[in-house]
Amino acid sequence: MALIEIENLTVHFRAKGHLVRAVEEVSLAVDARESYGLVGESGSGKSTILRAICGLAPVTGGTIRIAGETIPEPRDRAFAARVQMVFQDPYGSLHPRHTVDRALSEPLAIHGIGDTDRRMQEALTDVGLPSAFRFRYPHQLSGGQRQRVAIARALMLKPEILLLDEPTSALDASVQAETLNLLNRLRAERGLTFLMVSHDLAVIDHMCDRVLVMQHGRAVEELTRGDLAGARMKTAYARSLFDASADRML
Amino acid sequence: MTTLTAWLRDPNPMSRIQARLGQSYLSWLRLRRNPLTMLGLAISVALLMIALFAPILAPHDPIAQNLAERFIRPFSAGHWLGTDEFGRDILSRILYGSRITLYIVALVILTAPVAGLIIGTVAGYFGGWVDQVLMRITDIFLAFPKLILALALVAVLGPGMVNAVLAIALTSWPPYARVARAETLTVRNSDYIAAVRLQGAGRARIIWGHIMPMCLPSVVIRVTLDMAGVILTAAGLGFLGLGVQPPLPEWGLMISAGRKYLFEQWWVATMPGLAIFIVSLGFNLLGDGLRDVLDPKSASK
Amino acid sequence: MTLLTVENLRVTFDTEAGLVEAVRGVSFALGRERLGIVGESGSGKTMTGRAVLRLIRPPGRIEADRMVFDGEDLMTADDAAMRALRGHRIAMVMQDPKYSLNPVMKVGAQLTEGLRQRDRIPKAEAQAKAIEALNAVQIRDPERVMEAYPHELSGGMGQRVMIAMMLIPNPDLLIADEPTSALDVTVQAEVLSILDALVRDRGMGLIFISHDLRLVARFCDRVLVMYRGKVVEELAAKDLMQAKHPYTKGLLNCLPRIGGAREPLPALNRSADWAL
């Protein structure tokens, strides 16, 4: 049985008086310890799927199940301990007036977990940050360091599933490489399951076993890693996306 | 001294307190660059000192009457700012009056912004009908001119210093609620609020620990800029006889009393007027400088 | 023919923390070609582009041994002369069209504003020129776009409008600062082909500033690789894969590639002497 099962997920919401049909009847299944990619252009609904899973966007239709159970509405603490998310913009996802210490201890405080000092040290070491950074503010960190803090924060509750929303698209190439390596290492060490969104086929290919190509809120085609490297797409849209990323083969 | 600044500037603080103090120190350095702000700060600190040490600084009793020395001109020996119609030393009365001014300002600051902050963040975060109800109440308060509303409240409650404070506080919270709500609306959809929601945080924790710290700077700026207004409203109530009652040396009351003699004995009304002017100016300058340092929009770089 | 010569360009900022050198001695010459400037954030690539137009605000300072555009010395030109150059002969396209277009003005009005105010061209003629420019950037129904407000345009459309706006005065040099970073890959390809056509057909010079090494390699003729305010390597774009400098090599190697191996990506180990 798959760990994450999404069936006919539909997300509609109102924004500025318009009805936005962000996601239309998308189904996918992610096995435990698998890394699954969502790729598409802006407005394809790929990020909305992640947001719908964790309750930041409304589920208008369809079901989402984690380990066979329909997810609770609203999401409870037990859900928070299983599923966490890393956001795209490391400048916007850390509270500007909270130190690294506060950001990392908050999930522990919410869930009533003690042993803060040891867990904090562990978390910082795990993501490769020196412990001297513990009392720094976000503006005293570089983009890559901030994203490491965001990853550490998402892992504080030891979740099984990590939702990654373009985690490296705001970073420089060299920092992107370090961050991707870090994510892969953590996944191997902790047996995490990734559901990752990106617009960059090369990043998706490097990180994911399977990928779903999306356009205008609909699933277009599911590709395995082999399909992608061998350019074996069936639909015209997936093909055009691949052709536009041709320089990513170099 | 050098070890202290080094400790404050340490890029790798060892504790939350050191981190926070370090940030405050950097803000202070930025604040210090603006001479007008420093003037405002000096005036505010001077007001505080004068209020604290009024009994030592004042050459005379502010209330004791001495009809033999009525209307002595300013700059005379013993009475630097002259005396009023009861022969009371104006300088001493102004010095003691600073205590009343400060008392009113302090009480208003401790109540109105706190209420406004809570109402604004709650309305902004919850949205929907909670927002509608709270903001319509705010609108009702905003619809009346401040002084008129304060007058009506004092008329109901009866004159007196505490009632004046209450009236001013009740009329001055709506702008803070507005500011806090606006700030909350921009913050509530940010990724860092989403992140703490995803961790399972309750609403109270989100509002108190994550949203309020972001609203605080704008409210603090607004409060500093409003202090002058509070002093003026208090003086206005005193002037109309609805605030502090004689013989207490409240500045507005003193102007009101001196009004009768404005043409012959101009100093009786002018001196407390100057005091109000200087203190209001001081708070305004300070508020302007704080805005440059605290405002997240201008200080983002 | 050399259009722009820059010799030993320096941009320094006098901040509380001391002197910050954003650009430290950059030299290059540009003909009617596509020159790419590549580097990571903080490498000084944007500042180099802005310095050519003298668009650096105090406390920033621009110094150069020589900065000459088509016979005109940019270092000694007065403000009026610079204003006449900016937009007219040297144009600049920024990363995000959202912040470069006036949100409360129709696109058509913004496109024709310069022509009507500065060049005193009658309305109908200015309209025709604007529509022609929109056609040049392959906007299908230019009349409708003329009547639209910027927020009604998609990202790719907005970026094309920005380029059209820069093209109306027919500049000799276009400085494009990450013009496609905010765009989807398929739209990006379109915008690039538009820029490409302009260089080819109008003989315009193009400075293409980007963080994306592979994009620049595919699109430009020549590439300057910047690191900490210095050019560490200059090479023909087609030779990028044979780059010699360890920084350029490192930047290329650390990119994931489709069909690449699953092992960890090689980290970029910065060496202190690159910045010397």
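User: Hi! Which chains have the most contacts among the two pairs that touch?
Analyst: Hello! In this predicted model, the most contacts among the two touching pairs are between chains A and C.

User: And what about chain B and chain C, how far apart are their nearest C-alpha atoms?
Analyst: Those atoms are 9 Å apart, and chain B and chain C do not touch.

User: Okay, back to A and C. How many residues does the contact take from each chain?
Analyst: Chain A puts in 26 residues and chain C puts in 25 residues. On the side of chain A, the elements giving two or more residues are helix 6 (173–190), helix 7 (201–207), helix 8 (225–229) and helix 9 (236–244).

User: Which of those gives the largest share?
Analyst: Helix 6 of chain A does, with seven residues. By class, the side of chain A that touches chain C has twelve nonpolar, eight polar and six charged residues.

User: Now the contact between A and B, please. How many residues are in it from each chain?
Analyst: There, 28 residues come from chain A and 23 residues from chain B. Helix 2 (77–82), strand 6 and helix 3 (100–110) of chain A each supply at least two residues of the side that touches chain B. The largest share on that side, four residues, belongs to helix 3 of chain A.

User: What classes of residue are on that side of chain A?
Analyst: The side of chain A that touches chain B holds 13 nonpolar, seven polar and eight charged residues.

User: Let's look at chain A by itself. How many helices and strands are there?
Analyst: Chain A has nine helices and ten strands. Its C-alpha trace spans about 50 × 45 × 40 Å along the principal axes.

User: What does the radius of gyration say about chain A?
Analyst: Chain A has a value of 18 Å, which agrees with a compact globule of 250 residues, since such a globule would have a radius of gyration near 18 Å. Of the 250 residues in chain A, 51% count as buried. Among contacts in chain A with a separation of 6 or more, 68% link residues 24 or more positions apart.

User: How do the strands line up in the open sheet of chain A?
Analyst: Six strands form it, in the order 6-7-8-3-9-10, with mixed pairing. Strand 6 (83–86) and strand 10 (218–224) of chain A are at the edges with a single partner strand each, so one side of each has no neighbour in the sheet. On average, neighbouring strands of this sheet are turned by 20° against each other, direction ignored.

User: Which way do strand 3 and strand 8 run?
Analyst: Strand 3 (residues 35–40) and strand 8 (residues 193–198) of chain A run parallel and are joined by five bridges. G37(A), for instance, has M196(A) in strand 8 as its bridge partner.

User: I clicked on R218(A). Where is it?
Analyst: R218(A) is in strand 10 of chain A. This residue counts as partly exposed because it has 16 C-beta neighbours inside 10 Å. Apart from neighbours within four places in sequence, R218(A) is in contact with E24(A) and V26(A). E24(A) is 194 residues away along the chain, yet the C-alpha atoms of R218(A) and E24(A) are separated by 5.4 Å.

User: Last topic: which residues touch the most other members of the largest nonpolar core?
Analyst: L163(A) and A164(C) do, in a core of 225 residues. Helix 10 (residues 203–239) of chain B gives the most to this core, with 16 residues.

User: What does L163(A) touch, beyond four places in sequence?
Analyst: L163(A) touches L50(A), I53(A), C54(A), V83(A), M85(A) and L195(A).

Technical notes: Residues are numbered from 1 along each chain as its sequence is written. Chains are lettered from A and ligands numbered from 1 in the order in which they are written. This is a predicted model: local features need pLDDT of at least 70, side-chain atom pairs count only at pLDDT 80 or more; totals for chains, interfaces and linings use all residues. A nonpolar core is a set of buried Ala, Val, Leu, Ile, Met, Phe, Trp, Tyr and Cys residues joined through C-beta atoms within 7 Å. A residue is buried if 20 or more other C-beta atoms lie within 10 Å of its own, exposed if 12 or fewer, and partly exposed in between; C-beta atoms are placed from the backbone. Two residues are in contact if their C-beta atoms, placed from the backbone, lie within 7 Å. The radius of gyration is taken over C-alpha atoms; the globule rule is 2.2 Å times the number of residues to the power 0.38. Two strands pair if DSSP finds at least two bridges between them. Axes are lines fitted to C-alpha atoms, for helices over the stretch in contact, and angles run from 0 to 180 degrees between N-to-C directions. Ala, Val, Leu, Ile, Met, Phe, Trp, Tyr, Cys and Pro count as nonpolar, Asp, Glu, Lys and Arg as charged, and the others, Gly among them, as polar.
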